[in-house]
Amino acid sequence: MTRGRLAERAAEAAGLALDRPALGVLLSVDAADRPLRIGEIAERMQVVGPHVTRQVQALERRGLVRRVGDPLDRRASLIEPTEEGRRAANAYKASMIGWFTDAIAHWPDHDRDELGRLLAKLADDVIARLAHLDDTPPPAP
């Protein structure tokens, strides 16, 4: 099963009729600790701004995200999930977690414990690596 098909199945199981790009925008906005500019969403998703703008407009029409004023720049707006958008994102995440939980349900306890330990180690190492990169000045041109 391709990664795209898994995302589609998780979205279907969560009752969401969203394509992968729209779902990616919704999940990015939901995961943020504050409302985001379009450019910030694009950067987090590693895509171009116009792509995100189209997805935000579609999500707005469905009532899953809303624009709020940027207190630092009255000309700009920020994007945040609505309550319905948060519920949709949570339903998708629960569906995805359920899928993986079911996939390893037949594993022995020690294998599931080892997977958990290794995933935690990976997460810690990735976080440490990112922190190191943030602290390291870029090379001189």
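**View 1. The largest nonpolar core of the predicted model holds 26 residues.** Within this core, the residues with the most contacts are Leu18, Leu26, Ile41, Val56, Leu59 and Tyr92. The elements that each give two or more residues to the core are helix 1 (3–13), helix 2 (20–31), helix 3 (38–45), helix 4 (49–61) and helix 5 (83–103). Of these, helix 2 gives the most, with five residues. In soluble globular proteins, nonpolar side chains tend to be buried together.

**View 2. Isoleucine 41 is shown with the residues that it touches.** Leaving aside residues up to four places away in sequence, isoleucine 41 is in contact with Val25, Ser28, Val29, Leu36, Val52, Val56 and Ile79. One of these partners, Val56, is listed together with Ile41 among the residues that have the most contacts inside the largest nonpolar core.

**View 3. Serine 28 lies in helix 2.** Serine 28 has a relative accessible area of 14%, which is under 20%, and therefore counts as buried. When residues up to four places away in sequence are not counted, serine 28 touches Leu36, Ile41, Arg44 and Met45.

**View 4. Helix 2 packs with helix 3 at an angle of about 110°.** The axes of the two helices are 10 Å apart, and the angle makes helix 2 roughly perpendicular to helix 3. On the side of helix 2 the contact is made by Pro21, Gly24, Val25, Ser28 and Val29, while helix 3 takes part through Ile41, Arg44 and Met45. Sorted by class, the residues of this contact are five nonpolar, two polar and one charged.

**View 5. Helix 2 and helix 5 have axes that cross at roughly 105°.** These axes come within 10 Å of each other, and the crossing makes helix 2 roughly perpendicular to helix 5. Helix 2 contributes Leu23, Leu26, Leu27 and Asp30 to the contact, and helix 5 contributes Gly85, Arg86, Ala88, Ala89, Asn90, Tyr92 and Lys93. By class, the contact of helix 2 with helix 5 comprises six nonpolar, two polar and three charged residues. Leu26 and Tyr92, which take part in this contact, are also among the residues with the most contacts inside the largest nonpolar core.

**View 6. Strand 1 (residues 65–70) pairs with strand 2 (residues 73–81) in the antiparallel sense.** The pairing runs over six bridges, and a hairpin of two residues joins strand 1 to strand 2. Within the pair, glycine 69 stands opposite serine 77, which belongs to strand 2.

Terms used. Residues are numbered from 1 along each chain as its sequence is written. This is a predicted model: local features need pLDDT of at least 70, side-chain atom pairs count only at pLDDT 80 or more; totals for chains, interfaces and linings use all residues. Side-chain values use heavy atoms; hydrogens and water are left out. Two strands pair if DSSP finds at least two bridges between them. Helices (H or I, at least four residues) and strands (E, at least two) are DSSP runs, numbered from the N terminus. A nonpolar core is a set of buried Ala, Val, Leu, Ile, Met, Phe, Trp, Tyr and Cys residues joined through side-chain atoms within 4.5 Å. Buried means under 20% relative accessible area, exposed over 50%, partly exposed in between (1.4 Å probe, protein chains only). Contact means heavy atoms within 4.5 Å. Axes are lines fitted to C-alpha atoms, for helices over the stretch in contact, and angles run from 0 to 180 degrees between N-to-C directions. Angles under 35 degrees count as roughly parallel, over 145 as roughly antiparallel, 65 to 115 as roughly perpendicular and the rest as oblique. Ala, Val, Leu, Ile, Met, Phe, Trp, Tyr, Cys and Pro count as nonpolar, Asp, Glu, Lys and Arg as charged, and the others, Gly among them, as polar.
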